[in-house]
Amino acid sequence: MIVQDHPHFCNMPEDMRYYRPEHFGEGFIEKSMVFLLPERLKKFRRNLWHVRRNPGDDAVYMPLFRVNCILPSEPAPAGLQGPFDVYPFYTRTTKTRSRELDYYVLFIFRDRMSWMRCKALLEKS
């Protein structure tokens, strides 16, 4: 996978969890979710993004929108269920005109040092 204009990225950790509403509204279901980011990764919470595949056959992705996330030390979001395990976190597949959309959640970094620090923390788990 290549993330457009971002040479450094990591997958989200397996111990990440999420909260969701009982019923999803219209639009992106992910925008109504809140992810519970492990405490060790708190410095990277602004780097976590949903990415979407560009049209075409190439495996090129573009940042879509920033993930809403909280830390375990913060209060649980009101009115949401969870926390649930992240894999898999989709409860339904988003489609447009009978075509499934391809989405991922990734940490995206602007510099190599941040990427290396986060990667080291992810490998410790």
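Which residues do ring pairs link into a cluster? Ring pairs join Tyr18, Phe35 and Phe84 in this way. The model is a predicted one, in which local features need pLDDT of at least 70, side-chain atom pairs count only at pLDDT 80 or more, and totals for chains, interfaces and linings use all residues. Residues are numbered from 1 along each chain as its sequence is written, and side-chain values use heavy atoms, with hydrogens and water left out.

Aromatic pairs are considered next. Rings of Phe, Tyr and Trp (its six-membered ring) pair if their centres lie within 6.5 Å; planes under 30 degrees apart count as stacked, over 60 as edge-to-face and the rest as tilted. In one of them, the ring centres of Tyr18 and Phe84 are 5.6 Å apart and the planes stand at 45°, so the pair is tilted. Tyr18 belongs to strand β3 (residues 17–20) and Phe84 to strand β8 (residues 81–85), so the pair links distant parts of the chain, 66 residues apart. Helices (H or I, at least four residues) and strands (E, at least two) are DSSP runs, numbered from the N terminus. Tyr18 has a relative accessible area of 3% and is buried. Phe84, at 27%, is partly exposed. Here buried means under 20% relative accessible area, exposed over 50%, and partly exposed in between (1.4 Å probe, protein chains only).

A further aromatic pair is formed by Tyr61 and Tyr104. This pair is edge-to-face, with 5.4 Å centre to centre and 70° between the planes. Tyr61 lies in strand β6 and Tyr104 in strand β11 (residues 103–109), 43 residues apart. Tyr61 counts as buried at 4% relative accessibility. Tyr104 counts as partly exposed at 35%.

Phe84 also takes part in a contact with a charge. The charged end of Arg20 sits over the Phe84 ring, 4.2 Å from its centre. The criterion is NZ of Lys or CZ of Arg within 6 Å of the ring centre and within 35 degrees of the ring normal.

Strand pairing comes next. Two strands pair if DSSP finds at least two bridges between them. An open sheet of four strands has the order β7-β4-β3-β8, and its pairing is mixed. β7 (69–70) and β8 stand at the edges with a single partner strand each, so one side of each is left without a neighbour in the sheet. β3 and β8 run antiparallel and are joined by three bridges. Arg20 has Gln81 as its bridge partner in β8.

Strand β6 (residues 60–66) is joined to strand β1 (residues 2–3) by two bridges, and these strands run parallel. Ile2 has Val60 as its bridge partner in β6. Five bridges join β6 to strand β5 (residues 48–53), and that pairing is antiparallel. Tyr61 in β6 stands opposite Arg53. β5 and β6 form a hairpin with six residues between them. Gly56, in the turn, has a positive phi of about 115°.

The nonpolar interior was then examined. A nonpolar core is a set of buried Ala, Val, Leu, Ile, Met, Phe, Trp, Tyr and Cys residues joined through side-chain atoms within 4.5 Å. The largest has 21 residues, and those with the most contacts inside it are Phe35, Leu37, Leu48 and Phe107. β11 and α1 (112–124) each supply at least two residues of this core. Another core, of five residues, lies apart from it and includes Val3, Val51, Tyr61 and Ile108.

His8 lies in strand β2 (residues 8–11). His8 counts as buried at 14% relative accessibility. Beyond its neighbours within four places in sequence, His8 is in contact (heavy atoms within 4.5 Å) with Phe107, Ile108, Phe109, Asp111, Arg112 and Trp115.

The structure holds three salt bridges. Each is a side-chain nitrogen of Lys or Arg within 4 Å of a carboxyl oxygen of Asp or Glu. Asp15 and Arg40 meet at 2.8 Å, N to O. Asp15 is in the loop between β2 and β3, and Arg40 in the loop between β4 (34–36) and β5, 25 residues apart. Arg17 forms a salt bridge with Asp85, the closest N and O atoms being 3.7 Å apart. Arg17 lies in β3 and Asp85 in β8, so the pair ties together parts that are 68 residues apart in sequence. Arg17 is partly exposed at 31%, whereas Asp85 is exposed at 52%. Arg45 and Glu74 meet at 3.1 Å, N to O.
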